[in-house]
Structure formats: C-alpha cells, structure tokens
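Student: Could we go through a protein structure together, one question at a time? I would like to see how each answer is reached.
Tutor: Gladly! Here it is.

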Amino acid sequence: MALVSLRVGAATILSLASPLFLCEFKLGQSLGVSAQSAMRFQLAWSTRRLLGRYFDERRGGISCAGVLTQHLSSVADVSEFDDGFHHNDDVKVRDKETALRKALSQLAGDFGGESKISLGKIFGSRKIPVISTGSLKLDLILGIGGLPKGRMVEIYGREASGKTTLALHVIKEAQKLGGYCAYLDAENAMDPFLAESMGINTDDLLIAKPDSAENLLCVVDTLTKSGSVDVIVVDSVAALVPQIELDTSGVVTKRDVQSQIMTQALRKIHYSLCHSQTLIIFLNQVRFKQVMFEVKSGQDHRRMEEVTCGGNALKFYAAVRLRMIRTGLHRTGNKVTGLGVCVEVVKNKLGPAQKKAELEIQFGRGICHKSEVLDLACEHGLIGKEGSIYFIEGMTFGDKQAAQKYLADNDGILNKLVTDLRTQLFAS
C-alpha cells in the first residue's frame with residue numbers, strides 16, 4: 001500500500017502520516033525554521049520512514065536502517081530503493097536464460113537435430129534468400145526483392161493472363177544464378193521454343209509430364225528433399241488428375257478427391273521444404289462459384305465468387321499468392337504485339353500485401369522489363385529526363401521508344417542499370 005501511495009504522489013504520503021507529520025511540522029516551526037523548509041524536511045523524513053517500513057515487510061524483516069540513516073535531502077530519491085528490484089530482475093533474466101538453454105539441450109538430446117531450436121538474436125541472418133521475378137516493379141511491391149526460397153508460391157488467374165510467362169521468367173533468373181530448375185507440365189502446354197526465346201537454357205531444364213496427381217506431387221516431394229533443385233514449377237493445379245479418375249471408366253461421382261490429395265501431399269511437401277531452399281511455384285486457374293447471401297430485407301441473393309482449384313490447403317501453405325489480371329492488348333500499328341497485365345499481391349507472409357504492379361508482356365519475348373527499367377531509372381535519378389527527352393550515357397533520345405530501343409540494343413548498359421537499381425532499392 002505504501003508503494004502505491006508513493007507513486008500517486010506526495011499528497012497521498014502526507015495523508016497516510018498526517019498526525020505524526022503535523023506534530024513534527026509544528027516542532028520545526030517552534031525551533032525557528034521557516035514553514036517551507038520544515039515541510040520539505042518533514043516530507044523527506046516521512047517518505048523514508050514509510051519506505052523503510054514497506055521494505056521491512058517485503059524482505060521479511062530485513063532492516064533498512066542503513067537507508068534511513070543516510071543524509072536527509074529536501075527531495076525524496078526513490079531510485080535509492082529501486083536497486084534491489086533491478087538486481088532481482090537481472091537474476092530472474094539470467095535464470096530464465098539458463099533454464100531455456102537447458103531445455104534446448106534436452107530437446108536436442110531427446111529428439112535429435114530435427115527438433116533443434118535456436119534463438120534468432122544469436123543464430124543466423126534474418127535476410128531471406130530470394131529469386132527475382134524478372135520484373136523490377138513486381139520485386140519492389142513484394143518488399144523483399146523477389147520470391148522467397150524455401151517457400152511455396154501460388155500464381156493464379158484466368159486463362160491467358162501471363163501465369164506461365166511469369167513462372168518462366170523466375171526459372172530464367174534462377175538459371176542466371178547457376179541453379180537447377182524443374183517444370184512439371186500437367187497441362188501438356190509447355191513450349192520449348194518460347195522458353196528458349198525468353199532466354200531459358202532448356203538443356204539444363206528438367207521437364208516432366210507425370211500421368212497422375214499423386215505421381216506429380218511425389219516428384220515434387222522427392223526433388224524438394226534432394227535440395228538440389230532451386231525452382232520447381234507445377235503447371236497447373238487445375239490439371240492434376242487423381243489416379244482414381246484414370247482407373248475408372250466414365251465420370252467419377254466422388255467429390256473433392258483432388259482437394260484431399262492436395263491436402264495430404266502439401267503436408268509432406270511442406271515438411272520437406274522446411275529443410276530445403278527450393279522455391280515451389282504452383283500455377284492455378286480460377287473458377288466461379290455461386291454463393292448465396294442474405295441482405296437486410298431478409299431476401300436471399302446469389303452472386304458469383306472467384307475461387308481457385310484444389311481446395312484451401314494451397315492457400316494456407318503458400319507464403320505468397322499472386323493474382324494476375326489481363327488489362328488489355330498492346331498494339332504496334334494494327335498488329336497486336338502483347339498484352340498488359342496487373343499483378344496483385346493477395347497474400348505475403350514476408351512483406352506488405354494488397355499491392356499491385358502493372359506489367360507489359362510481349363508475345364514471344366516475355367515481360368518487357370526495358371520499359372520499367374527506364375521508368376524506375378528516371379524516378380531514382382539514374383537517367384536524366386526533361387519532358388519527353390531522355391539522357392542516357394551522354395546520348396539524347398527524343399522519345400521513350402527510342403530510349404527503350406537503345407537499352408534493348410545495349411545489354412551492358414541495361415544490366416548495369418538493373419544492378420544499380422536493385423542495389424538502391426533492395427540494399428537493406
């Protein structure tokens with residue numbers, strides 16, 4: 001009670017010791033001491049007396065006489081009495097750390113290295129290894145400079161929205177770093193010529209077409225366990241056919257077979273992924289499901305809701321979910337040369353979500369990153385711009401198309417700009 005009263009203020013202390021305080025206050029006045037000095041003197045003395053009584057009770061009768069016999073000051077110094085509490089807190093922290101390390105040693109001994117737990121402030125770096133998406137704009141909105149290794153990523157959207165193109169760009173960036181990649185083509189839609197035109201080395205690309213969902217997911221688990229593959233692309237979840245459907249003539253009436261297979265397989269794959277640095281990309285399609293909801297008037301209404309294939313397991317296990325939307329077509333004269341897409345970060349466990357990036361895809365070439373490199377370089381001062389005039393390496397270009405063509409013809413300058421931008425944008 002005395003400690004609580006001390007924190008409230010001096011007025012409460014005076015009220016607790018008011019009879020004794022008034023008596024000694026009058027004695028001080030009778031000795032010729034001024035009223036202000038007598039009050040200050042008695043306030044300090046009463047405070048120390050109350051604190052001494054409190055610590056005697058808290059410490060089981062340990063005397064605080066040494067504190068009470070110190071030189072009396074005009075203001076009560078509470079910090080003198082806090083040292084004991086600080087000391088006790090330090091002892092408790094040391095005891096907790098000792099107990100924690102003992103528990104970790106016991107876990108390692110009982111369950112082996114698979115259950116090893118470490119303190120993040122002591123072991124390892126907090127920086128997550130990533131693989132670029134091939135688009136600086138998309139890397140920027142992801143917040144970490146690319147897609148995280150050792151995680152699952154879902155890329156979904158409607159048909160012809162650029163899902164496969166984006167996945168191939170990730171493979172291209174991984175090959176630049178010397179990694180091995182695998183493309184599991186369940187849709188039987190892989191075009192090696194398109195991959196080569198985008199700059200992918202198809203000789204070092206593992207391509208497989210498993211005949212069933214169970215076999216394909218088993219391949220994913222085996223490659224992940226090996227730890228030798230940097231990127232695995234599954235194209236697509238919607239095309240995975242359960243073995244029971246292949247063995248049965250006609251239509252299988254049993255529902256949710258694919259969802260059950262995905263749920264069981266992803267548990268195993270996620271366990272293998274915890275001990276690997278493989279990036280697994282699942283491409284997925286969308287369907288429209290009719291849902292019913294009730295409005296305030298009490299009437300039931302129906303609306304169409306966009307859902308992905310394969311159940312909810314992939315939504316849960318995916319660290320990043322990207323939704324791709326086709327926004328329009330790009331033309332050169334009367335010829336359609338590409339399309340515009342919007343990539344939305346729907347889920348992101350490692351950075352900010354609900355961000356969007358507008359990309360341009362050229363048919364037969366992939367993402368047009370020269371345009372975004374030019375825009376970002378102008379924004380961050382690496383390229384000069386006045387109105388519609390661009391200044392690159394001492395040369396002047398009258399419009400954006402001419403500047404892009406110059407970057408396309410000079411890979412060295414383009415790569416230097418990309419390196420400088422990534423250093424400036426993702427240095428932290």
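Student: Between which two elements is the loop that holds Asn188?
Tutor: Keep in mind that this is a predicted model. One side of the loop is strand β4, residues 181-185, and the other is helix α9, residues 192-197. Asn188 therefore sits in the loop between β4 and α9.

Student: What is the phi of Asn188, and is this residue buried or exposed?
Tutor: Asn188 is not a glycine, yet its phi is positive, at about 55°. For the second part, exposed means over 50% relative accessible area. Asn188 has 53% relative accessibility, so it counts as exposed.

Student: Where is Ala160, and how accessible is it?
Tutor: Ala160 lies in the loop between β3 (152-157) and α8. Its phi is positive too, near 55°, in a residue other than glycine. Ala160 is partly exposed, with a relative accessible area of 48%.

Student: Which helix holds Lys172, and which residues does it contact beyond its neighbours within four places in sequence?
Tutor: Lys172 belongs to helix α8, which covers residues 163-176. Leaving out the neighbours within four places in sequence, the contacts of Lys172 are Met198, Gly199 and Ile200.

Student: How far from Lys172 is the nearest side chain of opposite charge?
Tutor: Lys172 is buried, yet has no salt bridge. A salt bridge needs a side-chain nitrogen of Lys or Arg within 4 Å of a carboxyl oxygen of Asp or Glu. The nearest side chain of opposite charge is Glu173, at 5.5 Å.

Student: Which strands stand at the edges of the open sheet of 3 strands, and why is one side of each left without a neighbour?
Tutor: The order is β13-β14-β15, with antiparallel pairing. Each edge strand has a single partner strand, so one of its sides has no neighbour in the sheet. The edge strands are β13 (384-386) and β15 (395-397).

Student: How many bridges join β14 to β15, and what is the partner of Ile392?
Tutor: Strand β14 covers residues 389-392 and runs antiparallel to β15. The two are joined by 3 bridges. In β15, the bridge partner of Ile392 is Met395.

Student: Which helix packs on this sheet, and what angle does its direction make with that of β14?
Tutor: The helix covers residues 400-409 and touches β14 and β15. It is α15, and its direction makes about 20° with that of β14.

Student: What covers the buried residues of helix α14?
Tutor: Helix α14 spans residues 369-379, and its buried residues include Val373, Leu374 and Ala377. Just after the helix, Gly381 takes a positive phi of about 80°. The cover of those buried residues includes α7 (136-142), β11 (356-362), β13, β14, α15 and α16 (411-425).

Student: Finally, what share of the residues in the protein is buried?
Tutor: The protein has 16 helices and 15 strands, and 428 residues. Its accessible surface comes to about 24,700 Å², with 53% belonging to carbon and sulfur atoms. The buried share of the residues is 36%.

Technical notes. Residues numbered from 1 in each chain as written. Predicted model: local features only at pLDDT ≥ 70, side-chain atom pairs only at ≥ 80, totals over all residues. Heavy atoms only, no water. Pairing = 2+ DSSP bridges. Contact = heavy atoms within 4.5 Å. Axes fitted to C-alpha atoms, helices over the stretch in contact; angles between N-to-C directions. Buried < 20%, exposed > 50% of the residue type's maximum accessible area, 1.4 Å probe, protein only. Lys, Arg positive; Asp, Glu negative; His and termini not counted. Areas by Shrake-Rupley, 256 points an atom, 1.4 Å probe, with all protein chains shown as cover.
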